[in-house]
Amino acid sequence: MCGIVGYTGYEQAAPLLIDGLSKLEYRGYDSAGLAIEEKEKLEVVRAKGRLRVLEEMTDNGRALHGFCGIGHTRWATHGVPSVGNAHPHCNAKKTIAVVHNGIIENYQSLKEYLEKNGYHFESETDTEVIAHLLDRYYSGDPLEAITKVMARVTGSYALGILFQDHPGKVFAVRKDSPMIVGSAEQGNFIASDIPAILKYTKNVYFVNNMEIVCMDADTIHFYNVDKEEIEKEMTTISWNAEAAEKDGYEHFMLKEIYEQPKAVQDTISPRIKEGEIVMEELGMSEEEIRQIRRIYMIGCGSAYHVCMSARYVMEALTRIPVEVDLASEFRYRDPILEEDSLVIVISQSGETADTIAALKEAKSRGARVLGIVNVVGSSIAREADNVLYTWAGPEISVATTKAYSTQLAACYLISVYFAKIRQTIKEEKYYDLVEELKNLPEKIQQILGDKERIQWFANKFASSKDIFFIGRGLDYGISLEGSLKLKEISYIHSEAYAAGELKHGTISLIEKGILVIGIATQPDLYDKMISNMVEVKSRGAYLMGLTCYGNYSMEDTANFTVYVPKTEKYFANSLAVIPLQLFAYYVAIARGLDVDKPRNLAKSVTVE
Ligand code: M6R
């Protein structure tokens, strides 16, 4: 999704803005632009394509000399990727410049209103209405104009704004799209995400919905919609700029795959004290945990896949019924939330628009909402009743890996913890599970040590047209994730099926030589999985089996077998996902694709 950076201070603004935008490239974009105060005028430069084009046009920003500006990377929603649609957008006199992340839902009616009042539009974007509305309401007081615009627009927005007659000042405002403010020695920043400014400061303010920012080189002021000044607390970010760099790896995705042992360890170990799971951050008493009658798990994309897998673990261990929903469906399906329901929303970014909407929907129906979130201070972290942070650190690659693994780990912790309190598992089993949770990071590390075989196999199948993933139970959950990982970065068509479903239609797609990856880590379902694999093999499929050490009979059926260490059956997804991530990565590399920035995708999906 679009990325915003703004700066005002004592250094040349454009090079800092371009550098900041480069740290937001992971969000996905198709054009970029800058507006810089130059000799009391606003100079706007826009380019289609990669940031490199903007860098070349401005000599890496050095050709623009001002000390105050806003920058933007655009991910097209309204209007094709083009120079004309790239941000910033301005009023006709070019005295107001705006960058925007989000969608103005009522832009058509606003456009008609503005056109009737003599405004002329140069782009196809929804954003341009903001520039003209600001112009219409502006009579020297930026706050007045901004609050009037806020009252007129519906939808989501994070805006960075410059007014030519307020030199040295950057204004910003947000509703349902992310925005932070950074306070640094060389000046002050606004940004869509922390990595953009981490090189300059760790001191940030999280801007809440409907809050307005006005900053110059030395001061930052926050206002509410009534233009009253408000106090905000500064947060110091604990990770450093290096954590958001590639650190010698060819891609962020590979680096993040390799960071998984640490990320899982960092998520699990602070919650295990003297052999017991301690989860005060859930904010629930033992009595409240015993009273839960139903759990709803909600997310999008891979976070949804975590929910799909976690359901098996949670239901098996706690005996609480679990419903799983895609956030985009939950929000509109008029859900029936019983009393004593717990809603768990899962999100890496904490800014996914559909997940935020589902959270709000659940809260408005009286449910208690627990957020499992990676980005500290993000919208979901702030709006959920309680938050369980996954300590994955910054995840830059669009394809999630370490965040997914830590979300799974967080769900295991909750499941085992609830099971103990509700006495649905024996004490001995509880301690075995806790012990095995502690072993997971080391076992993940072991799998990473054996990547060459997977790399070799991925090369062999890199020109496939279709690849299928099948599994039962928890292995169905991981099949979904393996398939998504592959398709999002390799662009190979792929589907994941519950292995028992094949006979009901999908098996007709199986033809000679097609790769089917059969995942069989669950002891109770192993034989049934082998039967399903034989079914596709006899129809010509080439079989890769993914199972645990010890299940060597897999080799009688599969053409190629990958083993992962044995673990408690409930936790097997955490190990099985690693070869699948590596497989997707190496297939995409063999196809020569941009693994970290797959086409059409954005890291943080802040629009519906
Ligand atoms: O930030 P979130 O966890 O809420 O993001 C949800 C999905 O957009 C995300 O998992 C997406 O599916 C990834 N590209 C998967 O790799």
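**Figure 1. Surroundings of the ligand in the predicted model.** The ligand is surrounded by 14 residues, a residue being counted as near if one of its heavy atoms lies within 4 Å of the molecule. Ser-347, Gln-348, Ser-349, Thr-352 and Glu-488 are the closest of these. A polar side-chain atom of Glu-488 is placed 2.5 Å from an oxygen atom of the ligand. For Lys-485, a polar side-chain atom lies 2.9 Å from a ligand oxygen, and a polar backbone atom of Thr-400 is 2.9 Å from an oxygen atom of the ligand. Of the 410 Å² of accessible area that the ligand has on its own, the protein covers 90%; accessible areas come from the Shrake-Rupley method with a 1.4 Å probe, and for residues only the protein chains shown count as cover. This is a predicted model, in which local features need pLDDT of at least 70 and side-chain atom pairs count only at pLDDT 80 or more, while totals for chains, interfaces and linings use all residues. Residues are numbered from 1 along each chain as its sequence is written, and side-chain values use heavy atoms, with hydrogens and water left out.

Figure 2. Ser-397 is located in the loop between strand E22 (386–389) and helix H13; helices (H or I, at least four residues) and strands (E, at least two) are DSSP runs numbered from the N terminus. Ser-397 is buried, because its relative accessibility is 0% (buried, under 20% relative accessible area; exposed, over 50%; partly exposed, in between; 1.4 Å probe, protein chains only). Its side chain makes a polar contact of 3.4 Å with the side chain of Asp-596. A polar contact is a pair of N or O atoms within 3.5 Å; within protein, one must be able to donate a hydrogen and the other to accept it, and residues adjacent in sequence count only if both atoms are side-chain atoms. Leaving aside residues up to four places away in sequence, Ser-397 touches Phe-252, Met-253, Glu-256, Asp-596 and Lys-603, contact meaning heavy atoms within 4.5 Å.

**Figure 3. Salt bridges of Glu-323.** The whole structure holds 36 salt bridges, each a side-chain nitrogen of Lys or Arg within 4 Å of a carboxyl oxygen of Asp or Glu. One of them joins the side chains of Glu-323 and Arg-294 at 3.3 Å, N to O. This pair links distant parts of the chain, with Glu-323 in strand E19 (residues 322–326) and Arg-294 in strand E18 (residues 294–299), 29 residues apart. Glu-323 also forms a salt bridge with Arg-333 (3.3 Å, N to O). Here Arg-333 lies in the loop between helix H10 (327–330) and strand E20 (341–347), 10 residues from Glu-323. Arg-294, Glu-323, Asp-325, Arg-333 and Glu-338 are linked in a network of salt bridges.

Figure 4. Lys-262 and Asp-266 form a salt bridge in which the closest N and O atoms are 2.6 Å apart. Both residues lie in helix H7 (residues 260–268), four residues apart, about one turn of the helix. Lys-262 counts as exposed, because its relative accessibility is 56%, whereas Asp-266 is partly exposed at 26%.

**Figure 5. The largest nonpolar core.** This core has 93 residues, of which Ile-277, Ile-295, Met-297, Phe-418, Leu-437 and Phe-583 touch the most other members. Helix H13 (residues 402–422) gives the most to this core, with 13 residues. A nonpolar core is a set of buried Ala, Val, Leu, Ile, Met, Phe, Trp, Tyr and Cys residues joined through side-chain atoms within 4.5 Å.
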